[in-house]
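Take a look at the structure below.

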Amino acid sequence: MLDADFFRRWMTATAASVEREAERLTELDSPIGDADHGSNLHRGFTAVAAVLEKEAPDTPGAVLVLAGRQLISTVGGASGPLYGTLLRRTGKALGDAAEVSEAQLTDALRAGVDAVMTLGGAAPGDKTMVDALVPAVDALAESFAAARAAAEEGASATTPLQARKGRASYLGERSIGHQDPGATSAALLIAALATTADTEAADV
Amino acid sequence: MSEEKRVGIVLVSHSAAVAASVAELARGLAGAGAFVPVAPAGGTEDGGLGTSAELISAAAASVDRGAGVAVLTDLGSAVLTVKALLAEGDELPADTRLVDAPFVEGAVAAVVTASTGADLTAVAAAASEAYTYRKE
């Protein structure tokens, strides 16, 4: 079972990973976006880590709802409301249970990903974060490690696609040949989840 | 109708200058003496390009006269941020609506319509109708 502490460590691990990779995310966002994905997400997840330390919510759902709220108010670009909605909707789907199972997390994350697709109007294949998140949720039923691999594969698979959503979509064919920054950061979020689960297993 | 019952209008742009200028344009075209609470919410809090949820919430609160608030936006993250704030439930005044309209033309139509004392539905409809005005 996964408790609030597990979810706090997932968010902290994501913040650390985004900080490490911020430059790479911004580089990926230079040819097809406005070169701020790394700095925007870094600002957002730094705020998430800070607020979780200060407020220490005591259920998994409350951790994710608070984190999502923080992303919406601090990121400044489209990734704010998108990641914010992902985490908040996932958190709401988890309800107020003190601990949740991996199966419950999988179902809740699926609800979160569905909410992101509704908000942004993106489907798999549009060269967005959805291309990493959908396969990750599908693989999460198997294991955290499988979800990480699926997310990374999904992010890599955006390279040959033509963007159909967001600023990159204005570039038409010129968006082809670049890995999508949003799918790349989504893979970091899922990788941080798998890392947190690994640490958990090692502790037991 | 008293000033208190006017529909409020929030203009959300990635740029503070664009939001402020469109607000000025719409107010100017609404005519002398017509009062409509209009607030720009442009750029990020530190003055950069982008969208700020805090500025949007503050702008909506500042124009709320109890008759509803119409929010018009420009690009991607502005639209998504307003939708996300509406989904939060308590971040914007109770009767706040994201209006599907072209930013500049819609803002003018919304402010002129609101200046007549029209309700939120009429203001939103007038702004959306601006999409149907063809330029060729």
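How many residues does the contact take from chain A and from chain B? Chain A gives 14 residues and chain B gives 15 residues. Keep in mind that this is a predicted model.

**The buried area**
- About 1200 Å² is buried between chain A and chain B. Carbon and sulfur atoms give 54% of that area.
- Three residues stand out on chain A: Arg69(A), Gly76(A) and Leu119(A). They supply 36% of the area that chain A buries against chain B, more than any other three residues.

**Links across the interface**
- The rule finds three salt bridges between chain A and chain B.
- In a salt bridge, the side chains of Arg88(A) and Glu88(B) meet at 2.5 Å, N to O.

**The side of chain A that touches chain B**
- Helix H3 (60–74), helix H4 (79–94) and helix H5 (102–120) of chain A each supply at least two residues to this side.
- H4(A) gives the largest share, five residues.
- By class, this side has six nonpolar, five polar and three charged residues.

**A closer look at H3(A)**
- H3(A) has 15 residues, so at 1.5 Å a residue it should span 21 Å. Its end C-alpha atoms are 21 Å apart, which agrees.
- Eleven of the 15 residues of H3(A) are buried, so the rest of the structure largely encloses this helix.
- Among the buried residues are Val63(A), Leu64(A), Leu66(A) and Ala67(A). Gln70(A) and Ser73(A) are buried too.
- Just after H3(A), Gly76(A) takes a positive phi of about 90°.

Key:
Residues numbered from 1 in each chain as written. Chains lettered and ligands numbered in written order. Predicted model: local features only at pLDDT ≥ 70, side-chain atom pairs only at ≥ 80, totals over all residues. Heavy atoms only, no water. Contact = heavy atoms within 4.5 Å. Buried area = accessible area lost by both parts, 1.4 Å probe. Salt bridge = Lys/Arg side-chain N within 4 Å of Asp/Glu carboxyl O. Helix = DSSP H or I, 4+ residues; strand = E, 2+ residues; numbered from the N terminus. Nonpolar A, V, L, I, M, F, W, Y, C, P; charged D, E, K, R; others polar. Expected span 1.5 Å × (residues − 1). Buried < 20%, exposed > 50% of the residue type's maximum accessible area, 1.4 Å probe, protein only.
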